[in-house]
Amino acid sequence: MLVNEMVQLGAKRSGIRELFEYGLRNKAEIGAENVFDFSIGNPSVPAPEAVQDAYKEIAARKDTVKVHGYTSATGAMSVREAIAKNLNERFGCGARAQNLFFTCGAAPALMSTMKAMCVADAEYIVLAPYFPEYPTFIHAVGGKIVVVPANTTDFDLHVEDIEPYYTEHTQAIIINSPNNPSGVVYKKEALEALAAQLRRMSGKFGHPIYLIADEPYRELVFDGLETPFIPNIYENTVVCYSWSKSLSLPGERIGYVFVPDACADSVDLFNAVAGSARALGHICAPTTSQYIVEKCCGLMPDIAAYDENRKTLYKGLTEMGYTCVYPHGAFYMLLKAPFGTALEFSERAKDFNILVPPCEPFGCPGYLRLSTCVSHEMILKSLPAFKALIEAGL
Ligand code: PLP
């Protein structure tokens with residue numbers, strides 16, 4: 001006997017994955033250069049050369065037991081110290097090594113954090129559009145997802161939209177900025193308003209409401225903007241971070257949970273994160289990856305290619321009559337379906353060899369997500385196809 005729900009979950013492919021695999025078949029048939037694949041969010045900018053150098057240096061270390069061995073479950077102390085120092089230099093946030101729990105990327109960081117807080121009847125507020133794995137994660141830890149619909153005027157953070165969704169069971173709100181899929185970066189003022197609201201609601205319901213900041217795109221911001229460091233704005237913030245996007249290391253599975261001292265019950269919360277990770281089978285984050293980020297945490301990503309891509313695509317598409325949300329961060333752009341439903345548009349786009357997933361799984365019907373972490377050449381070549389598509393209609 002097997003758990004049917006897990007069988008279904010494992011057998012079900014995400015729409016994005018299906019489109020990506022359709023693209024692989026399509027590329028084999030008509031040539032990769034003729035398929036305009038905007039489906040998947042795999043960084044196209046290579047990891048910085050310094051990462052390769054760090055790999056070589058670590059691989060050449062004499063103490064191979066240390067290089068390939070387990071670290072403590074929380075992460076190697078030297079690595080935690082290096083990241084705490086880096087966070088303090090950048091954000092002046094009083095981080096200590098003891099506040100950092102290393103994970104196999106942002107996804108397990110989120111799972112461990114959600115599970116740590118999941119008391120009976122726990123509710124998690126998420127803002128649409130949201131990362132499509134949130135519902136799975138929240139359900140898996142035994143919580144209830146509460147979705148605030150997207151504010152389609154600008155896809156930004158409007159605290160008045162969230163107000164009606166708090167209840168006595170609200171344990172946390174999950175914020176993802178820079179946002180996947182909208183590319184919106186929440187501004188300091190909006191986050192301050194959210195902090196004030198969370199303090200008021202915590203007082204009203206008599207327990208702290210945590211903010212889980214899901215931040216794998218923290219450094220991917222354009223137009224001279226900065227991503228505000230949320231623990232400096234709201235004390236009960238837990239940060240889930242990874243180097244998957246910033247250093248283009250998604251396959252190396254390395255990230256962390258940061259539980260600041262200022263967080264309510266911070267020591268217990270940290271232990272609960274560690275305990276939850278343990279209950280989910282965590283032993284330690286990959287050791288070599290830990291040493292890589294110890295050496296490379298000071299590096300900033302080269303965002304020039306993503307910047308150029310988003311500008312070219314936004315200009316090209318809006319000039320043709322498409323409506324897009326101008327992205328200030330991450331490497332995605334939202335496109336409003338110009339005809340039909342998003343699913344119908346996505347299907348029709350395939351006739352023009354354009355692969356663009358609908359945003360229903362992101363809780364945002366009527367929109368599609370374009371990944372701009374692709375080659376610039378592909379973007380340029382795709383523009384005539386987009387023109388033909390909008391002219392053809394359904
Ligand atoms: N959160 C968001 C918003 C993401 O877009 C992703 C990956 O695409 C993740 C979390 C998971 O990141 P990781 O690969 O580091 O687990």
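This is a predicted model: local features need pLDDT of at least 70, side-chain atom pairs count only at pLDDT 80 or more; totals for chains, interfaces and linings use all residues.
Leaving aside neighbours within four places in sequence, E215 is in contact with S177, P228, I230, V239, C240 and Y241. This glutamate is found in the loop between β6, residues 210-214, and β7. Its relative accessibility is 1%, so E215 counts as buried, the cut-off being under 20%.

R13 is found in the loop between α1, residues 4-11, and α2, residues 15-30. With a relative accessible area of 47%, R13 is partly exposed. Once its neighbours within four places in sequence are left aside, the contacts of R13 are with E18 and E21.

A further loop deserves a moment. G251 is found between β7, residues 237-242, and β8, residues 255-258. This glycine is exposed, at a relative accessible area of 63%. In sequence, G251 and N42 are 209 residues apart, while their C-alpha atoms are 9.6 Å apart in space.

I turn now to the backbone. P129 has its place in the loop between β3, residues 123-127, and α7, residues 134-141. A cis peptide bond also joins N180 and P181, and there omega is about 25°. P181 sits in the loop between β5, residues 170-175, and α9, residues 188-205.

Next come two residues with positive phi. For D121, phi is near 65°, a positive value in a residue other than glycine. D121 lies in the loop between α6, residues 106-116, and β3. Its relative accessibility is 55%, and it therefore counts as exposed, for which the cut-off is over 50%. For A330, which is likewise not a glycine, phi is positive and near 55°. A330 lies in the loop between α12, residues 304-320, and β9, residues 332-336. Is A330 buried or exposed? At 3% relative accessibility, A330 counts as buried.

I move to the packing of two helices. The axes of α5, residues 77-91, and α11, residues 287-296, come within 9 Å and cross at roughly 35°. The crossing of α5 past α11 is left-handed. Which residues make this contact? From α5 they are S78, V79, A82 and I83, and from α11 they are Q290, Y291, V293 and E294. Sorted by class, the contact has 5 nonpolar, 2 polar and 1 charged residues.

Finally, the protein as a whole. It has 14 helices and 11 strands. Its radius of gyration is 21 Å, close to the 21 Å that the globule rule gives for 394 residues, so the protein is as compact as a globular protein of that length. Taken along the principal axes, the C-alpha atoms fill a box of roughly 60 × 55 × 55 Å. Of the 394 residues, 53% are buried. Among contacts with a separation of 6 or more, 75% are between residues 24 or more positions apart. The accessible surface comes to about 17000 Å², and carbon and sulfur atoms account for 55% of that surface.

To return to where I began, E215 is a buried residue in a loop that leads from β6 to β7. Thank you for your attention.

Note on methods: Residues are numbered from 1 along each chain as its sequence is written. Side-chain values use heavy atoms; hydrogens and water are left out. Axes are lines fitted to C-alpha atoms, for helices over the stretch in contact, and angles run from 0 to 180 degrees between N-to-C directions. Helices (H or I, at least four residues) and strands (E, at least two) are DSSP runs, numbered from the N terminus. A crossing is left-handed if the near helix is turned anticlockwise from the far one by less than a right angle, and right-handed if clockwise. Contact means heavy atoms within 4.5 Å. Ala, Val, Leu, Ile, Met, Phe, Trp, Tyr, Cys and Pro count as nonpolar, Asp, Glu, Lys and Arg as charged, and the others, Gly among them, as polar. The radius of gyration is taken over C-alpha atoms; the globule rule is 2.2 Å times the number of residues to the power 0.38. Buried means under 20% relative accessible area, exposed over 50%, partly exposed in between (1.4 Å probe, protein chains only). Accessible areas come from the Shrake-Rupley method with a 1.4 Å probe; for residues, only the protein chains shown count as cover.
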